[in-house]
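Dear colleague,

I am passing on the structure that we talked about, and you will find it just below. Please have it open while you read the notes that follow.

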Amino acid sequence: MSDVTAESTPRQRLPTPSPSLSQQQFRGRQPPPPGSDPLALGVVIFIAVCFLLVSISAPSSILHQVPEGHVGVYWRGGALLKTITTPGTFFPKCFFSLFCLSVSLLILSLLLGYHLKLPFITQFEPIQVTLQTDQVKGIPCGTKGGVMISFDKIEVVNRLNKDFVYETLLNYGVHYDKTWIYDKIHHEINQFCSAHSLQQVYIDMFDQIDETMKEAIQRDCTRYAPGIEIISVRVTKPNIPVSIRRNFELMEEERTKALIAIERQKVAEKEAETQKKIALSEAEKNALVSKILMQQMLTEKDSSKRQQQIDNEMFLARERALADANYYRITKEAEANKLKLTPEYLELRFIESIANNTKIFFGEKVLQSLHTSSSFVYLVSPGLSDRLFFCRFRTSSWIKG
């Protein structure tokens with residue numbers, strides 16, 4: 001395009017022929033409007049046709065497309081341009097001359113979603129700004145004890161911030177991840193292995209390697225390349241010598257057996273504890289039932305006791321009433337009998353008793369044949385042989401009678 005322009009310039013500077021008579025007649029008139037000159041129109045058409053031929057012969061050098069999740073960056077003459085394109089935008093990458101683009105090419109770029117750049121001068125590169133996983137393979141390292149081990153693969157999930165694309169590429173180029181991901185992983189893994197023993201790297205601290213790598217890489221990236229964000233690091237189990245691995249396997253088997261024994265012991269303890277809890281629960285249940293039954297029996301006994309007390313009190317009250325009544329009756333009878341015990345009444349009763357007898361003994365030896373005393377005579381009545389009557393009388397008076 002620059003060559004065509006260079007050719008057109010000398011043509012405009014060719015010496016003008018002497019004006020003819022007709023031209024001198026119209027010298028006072030205004031010049032013709034732009035575009036009416038056949039020579040200029042031919043130059044424009046020639047430039048458009050050349051550009052179309054270049055576009056058809058090498059379309060990839062002019063048209064390009066930025067994929068989704070990427071941004072487009074451009075170099076012109078080896079210098080990085082600050083222009084950053086995103087998917088779905090359409091922007092020419094340089095200022096062409098007035099007729100560098102044809103109408104048909106513009107319509108084609110609009111319809112197909114392509115960008116335009118200066119062919120053979122401007123270089124284009126899509127840069128991913130979404131999550132990407134870089135796999136670093138075959139990382140050898142030596143432990144603190146001098147054992148050589150290697151990591152088959154370490155995956156680093158990272159992302160480049162869209163706002164720091166220009167600064168990152170300006171400082172570290174398109175392959176910035178080689179500097180801050182691949183080489184950094186090798187460095188950090190060797191630093192970690194040299195500071196720890198094989199036991200720590202392979203078993204004890206293996207679960208901490210990924211976090212250690214992530215923090216180390218992110219710390220340096222934040223300081224020197226702030227546009228790089230480390231999301232996570234996944235570390236595979238390292239490869240160790242076969243003899244040492246066999247020792248670790250045996251140790252792991254023994255540890256597994258010990259863990260199995262411990263778990264069995266825990267299960268036995270749990271079962272014993274469960275049986276103990278069941279026995280305690282059963283004993284507590286039986287004790288509670290016995291307590292309830294005992295409380296029930298005590299309640300019944302207490303009720304019976306109270307009922308017996310009430311019955312005893314009733315019987316005692318009844319007997320006391322009967323005794324009081326009997327005492328009162330006997331007392332009254334005694335008082336009445338005391339009032340009756342007069343000589344006249346006694347003599348009357350004696351006479352009545354004698355009158356009721358069928359046999360009467362007379363004579364002086366009667367008292368000797370009968371049991372006599374100085375003042376009493378005991379008489380036995382045939383009709384009342386089971387009862388003994390006695391009376392007191394005057395012997396002299398009775399003998400005389």
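**What was found**

The accessible surface of the protein comes to about 28,700 Å², and carbon and sulfur atoms account for 59% of it. Please keep in mind, as you go through the rest, that this is a predicted model.

To begin with the protein as a whole, its secondary structure consists of 12 helices and 10 strands, and 23% of its 401 residues count as buried. If you take the contacts between residues at least 6 apart in sequence, 68% of them join residues that are at least 24 apart.

The part that I would like you to look at with some care is a pair of helices, α6, which covers residues 176-194, and α8, which covers residues 209-224. Their axes come within 10 Å of each other and cross at roughly 130 degrees. An angle of 65 to 115 degrees would count as roughly perpendicular and one over 145 as roughly antiparallel, and the two helices are therefore described as oblique to each other. The crossing in which α6 passes α8 is right-handed.

Which residues make up the meeting of these two helices? From α6 the residues are W180, K184, I185, E188, I189 and F192, and they meet I209, T212, M213, A216, I217, D220, C221 and Y224 in α8. Sorted by class, this contact between α6 and α8 holds 10 nonpolar residues, 1 polar residue and 3 charged residues.

Is K184 buried or exposed? Its relative accessible area is 11%, and because buried means under 20%, K184 counts as buried. When residues up to four places away in sequence are set aside, K184 touches T179, A216, I217 and D220.

Leaving aside neighbours within four places in sequence, Q218 is in contact with I228, E229 and I230. For one of these, I230, the separation from Q218 is 12 residues in sequence, while the distance in space from C-alpha to C-alpha is 5.8 Å.

Notes:
Residues numbered from 1 in each chain as written. Predicted model: local features only at pLDDT ≥ 70, side-chain atom pairs only at ≥ 80, totals over all residues. Heavy atoms only, no water. Helix = DSSP H or I, 4+ residues; strand = E, 2+ residues; numbered from the N terminus. Buried < 20%, exposed > 50% of the residue type's maximum accessible area, 1.4 Å probe, protein only. Contact = heavy atoms within 4.5 Å. Areas by Shrake-Rupley, 256 points an atom, 1.4 Å probe, with all protein chains shown as cover. Axes fitted to C-alpha atoms, helices over the stretch in contact; angles between N-to-C directions. Parallel < 35°, antiparallel > 145°, perpendicular 65-115°, else oblique. Left-handed = near helix turned anticlockwise from the far one by under 90°. Nonpolar A, V, L, I, M, F, W, Y, C, P; charged D, E, K, R; others polar.
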